[in-house]
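Please read them alongside the coordinates.

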Amino acid sequence: MSDSEHAKPKQMRALPRLIFSSRWLQLPLYLGLIAAQGVYVVHFLVELAHLIEAAFGNQAALQALITSIGYKTTAPVTSLNETVIMLVVLALIDVVMISNLLIMVIIGGYETFVSRMDLEGHRDQPEWLSHVNASVLKVKLATAIIGISSIHLLKTFINADNYTDRVLIAQTVIHITFLLSALAIAYTDKVMSSIGAQKH
């Protein structure tokens with residue numbers, strides 16, 4: 001072995017060591033997001049159970065679904081119809097996409113800002129985690145937010161009779177803003193990567 005391989009890690013001074021160790025203050029935040037993920041799982045299972053029960057004619061479950069999705073109509077809803085099913089399924093997809101966003105923030109954020117997970121070689125390592133950094137994480141989060149916003153916008157337009165024109169326009173503008181922001185982040189990341197490649 002060479003001398004460099006035998007060399008001991010350089011001891012950090014007290015203040016830099018304290019500052020560097022402060023990254024562990026983020027740990028409770030990530031644990032809190034894991035708890036939030038658990039709440040989403042419970043919510044998903046409850047909504048799914050209501051959907052299945054309503055499909056078999058349970059009126060209480062049907063009313064719970066209608067209240068949950070904010071569906072309103074002049075005629076009383078006594079059984080599942082296509083619109084209600086579509087809104088409920090979109091709501092379930094929305095939960096899944098937010099859950100995916102949480103996973104990216106928890107795993108990617110911890111790996112990037114707190115500590116290595118040493119997942120190299122693990123058969124369940126997410127493909128995107130092998131090349132994750134702050135820039136990649138920002139782009140992936142922006143893309144996930146656009147997906148979530150798209151689901152919300154689709155739910156709004158399907159249930160458009162229950163919203164004012166002002167709400168419809170506002171949600172559309174917000175979605176376009178998210179889209180433009182994501183494009184700007186991706187373009188900035190591409191420019192910075194090109195500059196970094198030219199320097200090397």
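1. Confidence. This is a predicted model. The protein chain has an average pLDDT of 82, and 90% of the residues score at least 70. Among the elements, α3 has the highest mean pLDDT, 94, whereas helix α1 (residues 3-6) has the lowest, 52. Where pLDDT is low, the predicted coordinates should not be read in detail.

2. Packing of α3 and α5. The axes of these two helices lie 10 Å apart, and the angle between them is about 165°. Angles over 145 degrees count as roughly antiparallel, so α3 is roughly antiparallel to α5. Their crossing is left-handed. Where α3 meets α5, the contact has 20 nonpolar residues, with 4 polar and 1 charged.

3. The largest pocket has a volume of about 290 Å³. Its lining has 19 residues, of which H152, L153, K155, T156 and Q171 are the closest to the centre.

4. Which helices supply the lining of the largest pocket? At least two residues come from each of α3 (27-55), α4 (59-69), α5 (82-113), α6 (134-158) and α7 (165-199). The largest share is that of α6, with 7 residues.

5. By class, the residues that line the largest pocket are 9 nonpolar, 8 polar and 2 charged.

Notes: Residues numbered from 1 in each chain as written. Predicted model: local features only at pLDDT ≥ 70, side-chain atom pairs only at ≥ 80, totals over all residues. Heavy atoms only, no water. 1 Å grid on protein atoms, 1.4 Å probe; cavity = no way out; pocket = protein on both sides within 12 Å on 5 of 7 lines; lining within 4 Å. Points joined across faces, edges and corners; volume = space filled by probe spheres on them. Helix = DSSP H or I, 4+ residues; strand = E, 2+ residues; numbered from the N terminus. Nonpolar A, V, L, I, M, F, W, Y, C, P; charged D, E, K, R; others polar. pLDDT = per-residue confidence, 0-100. Axes fitted to C-alpha atoms, helices over the stretch in contact; angles between N-to-C directions. Parallel < 35°, antiparallel > 145°, perpendicular 65-115°, else oblique. Left-handed = near helix turned anticlockwise from the far one by under 90°.
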